[in-house]
Amino acid sequence: MALRKTNKLPPAAALKQILKRCSSLGRKESGGELPVDVPKGHFVVYVGENRRRFILPISLLSSPEFKSLLRLAEEEFGFDHEMGLTIPCEEVVFRALTSGLR
């Protein structure tokens, strides 16, 4: 039986990669600086059909519920695109989920 190599990262490595990408969003346009309205220790996601922008604390990245949303985002959009971190769920569902996690 041959072992196959998978492209899946271990959860800790995947979170580090996500965090690195989240913290680098916006640097391409602004010459290396994060947008001024994103406080230290926070990141931006876009949610829903209208891509509403949410600023969230990095501590949410350790939540199992939020990790599930990130896996959905990776499956649907991947993390290598110019649109920012987009979460594929309705705004109402996202608000309900994140309001209980903060």
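The sections below treat the model, the chain, a helix pair and a strand residue.

## Basis of the model

The model is predicted: local features need pLDDT of at least 70, side-chain atom pairs count only at pLDDT 80 or more, and totals for chains, interfaces and linings use all residues. Residues are numbered from 1 along each chain as its sequence is written, and side-chain values use heavy atoms, with hydrogens and water left out.

## Chain overview

The protein chain has four helices and three strands, in the order α-α-β-β-α-β-α along the sequence. Helices (H or I, at least four residues) and strands (E, at least two) are DSSP runs, numbered from the N terminus.

Of the 102 residues, 26% are buried (under 20% relative accessible area, 1.4 Å probe, protein chains only).

## Helix pair H3 and H4

The axes of H3 (residues 64–77) and H4 (residues 91–99) come within 10 Å and cross at roughly 150°; the axes are lines fitted to C-alpha atoms over the stretch in contact, with angles from 0 to 180 degrees between N-to-C directions. H3 and H4 are therefore roughly antiparallel (an angle over 145 degrees).

Glu 65, Phe 66 and Leu 69 of H3 meet Phe 94, Leu 97 and Thr 98 of H4 in this contact (heavy atoms within 4.5 Å).

## Surroundings of Ile 87

Ile 87 lies in strand S3 (residues 86–87) and, at 1% relative accessibility, counts as buried. Beyond residues up to four places away in sequence, Ile 87 touches Val 45, Tyr 46, Val 47, Gly 48, Leu 69, Leu 70, Ala 73 and Phe 94.

Technical notes:
Parallel < 35°, antiparallel > 145°, perpendicular 65-115°, else oblique. Buried < 20%, exposed > 50% of the residue type's maximum accessible area, 1.4 Å probe, protein only.
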